[in-house]
Amino acid sequence: MSDLHKNLIDGAWVDGDAAPNVNPSDVSDIVGHYARASADQTRTAIGAARAAFADWSRSSPLVRHGILRRASDEILARKDELGRLLSREEGKTLAEGVGEVTRAAQIFDFFAGEALRLAGEILPSVRPGVGVEITREAVGVVGIITPWNFPIAIPAWKLAPALCYGNTVVFKPADLVPGSAWALVDILNRAGLQKGVLNLVMGRGSVVGQTMADSPDIDALTFTGSQGTGAALALASARHMRKSQMEMGGKNPFVVLADADLSIAADCVVNGAFFSTGQRCTASSRIIVDKAVYSGFVDLLAERIQGLRIGHALRDDTQIGPVVDESQLSQNESYIAKGKAEGARLVTGGDRLNRDTEGFFQSPALFADCTNDMVIAREEIFGPVAAVIPVDGYDEALAVANDTPFGLSAGIATTSLKHATDFRRNAEAGMVMINLPTAGVDFHVPFGGRKASSFGPANRDAMPPNFSPRSRPLTRSPNAGQCKGPTP
Ligand code: UN1
């Protein structure tokens with residue numbers, strides 16, 4: 001097959017069974033064909049990463065800086081082309097696609113700098129005449145498994161720190177969106193990585209992901225995706241005493257208090273719940289509204305939502321692209337049926353839409369008069385569906401916000417400093433937003449959640465899977481005279 005994009009294993013592009021990458025805005029458009037790695041190829045990739053580790057982990061920080069820097073520059077220079085590829089394979093709008101590619105470039109830029117900033121600590125031992133040096137060292141082979149909803153930014157978020165600190169990588173992108181991941185690996189490979197340092201194994205979770213999970217040769221595993229898969233990977237990692245980091249779902253609350261600027265609140269809800277077609281673990285899916293402003297706010301939301309333009313991701317005027325595939329769309333529909341059966345009021349949306357091209361279009365759905373114990377308020381839907389829950393005042397709003405198995409992001413719209421401050425302290429979420437959508441991140445600070453949303457260290461503090469602190473007695477002084485440690 002002439003357009004086959006192959007896997008990168010031990011520095012060579014290798015064949016595999018071809019799978020089509022289908023555009024969810026237009027199923028007649030095949031983005032390309034991508035090789036699916038076998039279990040044997042995955043094991044070869046892990047072995048190659050193991051073999052490359054000694055040299056790469058001892059490479060000069062300047063070498064690692066240069067590679068990450070060049071990758072960042074190329075990603076940024078090609079942001080329009082790569083953004084288009086991303087929107088074509090995933091279905092988020094072109095503006096969102098280009099924005100995501102820009103974020104990936106920024107992440108590589110940030111970690112290019114971090115490669116030169118790696119530091120340790122020197123402190124006196126409690127034992128007389130001994131000094132202690134604390135250094136951070138690469139863990140080894142890092143397995144990276146990424147989801148379909150951020151085809152380039154989440155791979156960047158995990159690849160950049162892993163490579164920056166001298167780890168070698170086996171990278172499995174989501175089977176649905178291999179295109180952006182392939183382009184990213186091609187860029188990094190040409191930026192100067194030695195063979196085996198970065199291996200790409202596209203394919204199915206049941207084959208490639210399972211082989212990685214079962215391998216004793218993966219020293220750390222970082223995953224973003226569903227709760228079920230995250231839990232299985234954490235268990236498999238524990239069996240190997242492997243460091244692991246799991247970013248999983250959310251059922252993120254957005255609270256609207258009676259004193260809120262309702263126009264800002266509506267902007268936050270529309271962005272947080274429906275942009276990227278609601279397919280974000282940080283999406284606002286529970287809108288908790290004070291009864292004093294409830295009915296007017298629901299009307300305002302309905303009006304804003306009905307004004308959204310849903311269509312082909314690459315059209316300039318589209319604001320909401322398609323759902324990623326048929327199985328996700330039918331799952332969304334089954335949640336909409338459940339919401340109706342549970343007695344929630346469907347204010348607007350939830351319909352399959354026809355457009356000029358055959359794709360997975362759905363109008364954003366808003367349920368009102370929900371209770372927090374309804375299935376649509378408890379389970380992550382991962383689509384353009386939000387549930388509005390009426391409450392009496394701030395205390396009940398906070399209690400409902402926290403009454404969830406998840407704890408990734410939480411938001412509040414208020415003009416009260418007292419309530420904003422209290423919410424920031426007491427919302428049980430890894431990230432709290434005030435008068436801002438629950439979605440959206442800063443790449444240079446930790447990202448992670450509480451409860452069932454996350455397990456292991458936060459991303460960016462993405463260090464631990466990628467980076468392990470070690471303390472040991474000093475054997476040699478970098479500053480003569482300061483260290484009196486014995487030679488062991
Ligand atoms: C964002 O909100 O822009 O999978 C990023 C996710 C998150 C990243 C969210 N891990 O949706």
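Which strands form the open sheet of 3 strands, and in what order? The order is E1-E5-E4, with mixed pairing. Notes on this predicted model follow.

This is a predicted model, where local features need pLDDT of at least 70, side-chain atom pairs count only at pLDDT 80 or more, and totals for chains, interfaces and linings use all residues. Residues are numbered from 1 along each chain as its sequence is written, and side-chain values use heavy atoms, leaving out hydrogens and water.

1. **The sheet.** Strand E1 (4–5) and strand E4 (17–23) are the edge strands, each pairing on one side only. Strands (E, at least two residues) and helices (H or I, at least four) are DSSP runs, numbered from the N terminus. Two strands pair if DSSP finds at least two bridges between them. E4 pairs with strand E5 (residues 26–36) over 7 bridges, in the antiparallel sense. Ala-19 stands opposite Tyr-34 in E5.

2. **Helices on the sheet.** Helix H3 (residues 79–90) lies across E4 and E5 and runs at about 105° to E5. Helix H6 (residues 178–190) packs on the sheet too. H6 touches E1, E4 and E5, and its direction makes about 45° with that of E5. Contact means heavy atoms within 4.5 Å. Axes are lines fitted to C-alpha atoms, for helices over the stretch in contact, and angles run from 0 to 180 degrees between N-to-C directions.

3. H6 is mostly covered, with 11 of its 13 residues buried. Buried means under 20% relative accessible area, exposed over 50%, and partly exposed in between (1.4 Å probe, protein chains only). Trp-182, Leu-184 and Asp-186 are among the buried residues. Gly-192 follows H6, and its phi is positive, near 120°.

4. **Thr-438.** Thr-438 lies in the loop between strand E21 (431–434) and strand E22 (454–455). Is Thr-438 buried or exposed? Thr-438 is buried, with a relative accessible area of 0%. Its side chain reaches the backbone oxygen of Thr-282 at 2.7 Å. A polar contact of 2.7 Å also joins the side chains of Thr-438 and Ser-284. A polar contact is a pair of N or O atoms within 3.5 Å; within protein, one must be able to donate a hydrogen and the other to accept it, and residues adjacent in sequence count only if both atoms are side-chain atoms.

5. **The ligand.** The ligand is surrounded by 13 residues, and the closest include Cys-281 and Thr-282. Arg-103 has a polar side-chain atom 2.8 Å from an oxygen atom of the ligand. For Gly-440, a backbone N or O atom lies 2.8 Å from a ligand oxygen atom.

How values were computed:
A residue is near a molecule or strand if one of its heavy atoms lies within 4 Å of it.
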